[in-house]
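These are my notebook entries on one structure. I set down what I looked up, entry by entry.

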Amino acid sequence: MINSTTIPFNSEQLKLARLAAGLSFADIGSVLEVTRQYASKLENDAIPSMPQLNLLADALDVDVSFFNKTRGKVLETEQCNFRSVRASTQKLKKMIVAQVEVLNSHIFSAINDIVEFPAINIYEAEDHEYNSVQNIEVLAEKVRRQLGLGLGPISHVIKLLESLGCIVVNLADADEKIDAFSTFTGRPIVVRNTQKLSPGRLRFDFAHELGHLIMHQGIETGCRITEQQANNFASAFLMPRSAFASEFPRVRGAYLNWDSLVQMKVRWGVSLKAIIYRAKALGMLSPEKAKSAYIYLSKNGYTKNERGDELMLIEQPLMLQNAIDLLETHTVNSVIKKSGLNRNMFVTKFNLRLPSSNHLSAV
């Protein structure tokens, strides 16, 4: 609780915290027991009292000092590689984007002053390198060569992204209405859908986002063309054509060898649907056989979770959590204080583990 009668107030920081919490002006009005109109004015020309600042800080999971900070570069929804998910709303997107801005400008920046993170090493593709399906195929192989990945399965896609300097984060509010997405303004950030439990689909999502980061810097995405380009990159990147062709089970008659396909799925860390998609793209399955395979997967209830998923690892982000784990408890305390957030924000919004509050002095 801050007892000082005066404190510098930045209305942009209030707006950022409100959006990150997913609250409306009416919600803020209820917190302060004022009108919606007055709550709106707080983000324009009105200055809250100290009691109001304390109420706002409690409601928004921040420290009062958060409102005293300068808001850095505003992250806009147009700068994020969102997929066109019908169920998503602008309000939900704005909330997630605000959380990513908070993560980058308040959490990561505070830790980055103490811990050295990997340098950013994202290949930047030229337009001609992804203007056709064939060129994307070549681009994926080129990126693999540059990263020294060979032609075999990629053991851990999130670790790969993090080694390239990406921040990969679990956001509690990023569900199936949002799906995974990425942004590249400064340091690349990839947000993981915490509700998706299919290991293969998650890995495809991460490869899809890597495709966006490589091909679509400075390009607004979400349209059919950019999404298909990212899908084509992910497919070629995870399943190189020569290795895939040599391992794809021979088709005999009308039926696919599903036992062999499940073994291949587990080895390559992809979904059965992605394997069918890839086989069709490479001309190894006719459109009719691919359609029949998709119907088989649907009839057997494999639209979200598939046979063989239980044999695969659900990848989790490691870099940011490992950085926190390296710090002594008093240093973690300093990071929290510098961020202007409270502990609850770290834990509930960003799924980060902190040392027990019993071992930390009050922030």
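How many cavities of 30 Å³ or more does a search of the whole structure find? I found one. I note that this is a predicted model, in which local features need pLDDT of at least 70 and side-chain atom pairs count only at pLDDT 80 or more, while totals for chains, interfaces and linings use all residues. Residues are numbered from 1 along each chain as its sequence is written, and side-chain values use heavy atoms, with hydrogens and water left out.

**Entry: the cavity**

I first noted the idea behind the search: rolling a probe the size of a water molecule over the atoms shows where empty space is left. On a 1 Å grid over the protein atoms alone, a cavity is a set of points where a 1.4 Å probe fits but cannot get out; a pocket is an open set with protein on both sides within 12 Å along at least five of seven lines; lining residues have an atom within 4 Å of a point. Grid points are joined across faces, edges and corners, and a volume is the space filled by probe spheres set on the points.

The largest cavity holds about 30 Å³ of space. I listed its lining as I111, I324, L327, V332, V335, I336, F346 and L354. By class, eight of these are nonpolar, none polar and none charged; Ala, Val, Leu, Ile, Met, Phe, Trp, Tyr, Cys and Pro count as nonpolar, Asp, Glu, Lys and Arg as charged, and the others, Gly among them, as polar. Helix α15 (residues 329–339) contributes the most to this lining, with three residues. Helices (H or I, at least four residues) and strands (E, at least two) are DSSP runs, numbered from the N terminus.

I then turned to the largest pocket, whose volume is about 600 Å³. It is lined by 22 residues, and K196, R201, F204, D205 and K273 lie nearest its centre. The elements giving two or more residues to this lining are α8 (199–215), α9 (224–238) and α12 (272–281). Of the elements, α8 gives the most, with four residues. The lining has five nonpolar, nine polar and eight charged residues.

**Entry: the sheet**

I recorded an open sheet of three strands, in the order β1-β3-β2, with mixed pairing. Two strands pair if DSSP finds at least two bridges between them. The edge strands are β1 (167–170) and β2 (181–185). I noted that β1 and β3 (residues 187–192) pair in the parallel sense over four bridges, with V191 as the bridge partner of V169. In contrast, β2 and β3 pair in the antiparallel sense over five bridges, and S182 has V190 as its bridge partner. The hairpin of β2 and β3 has one residue between the strands, and G186 takes a positive phi near 95 degrees there.

**Entry: a salt bridge**

I counted 15 salt bridges, each a side-chain nitrogen of Lys or Arg within 4 Å of a carboxyl oxygen of Asp or Glu. One of them joins E43 and R18, with the closest N and O atoms 2.5 Å apart. Because E43 lies in the loop between α3 (36–41) and α4 (50–60) and R18 in helix α1 (residues 11–21), the pair ties together parts that are 25 residues apart in sequence.
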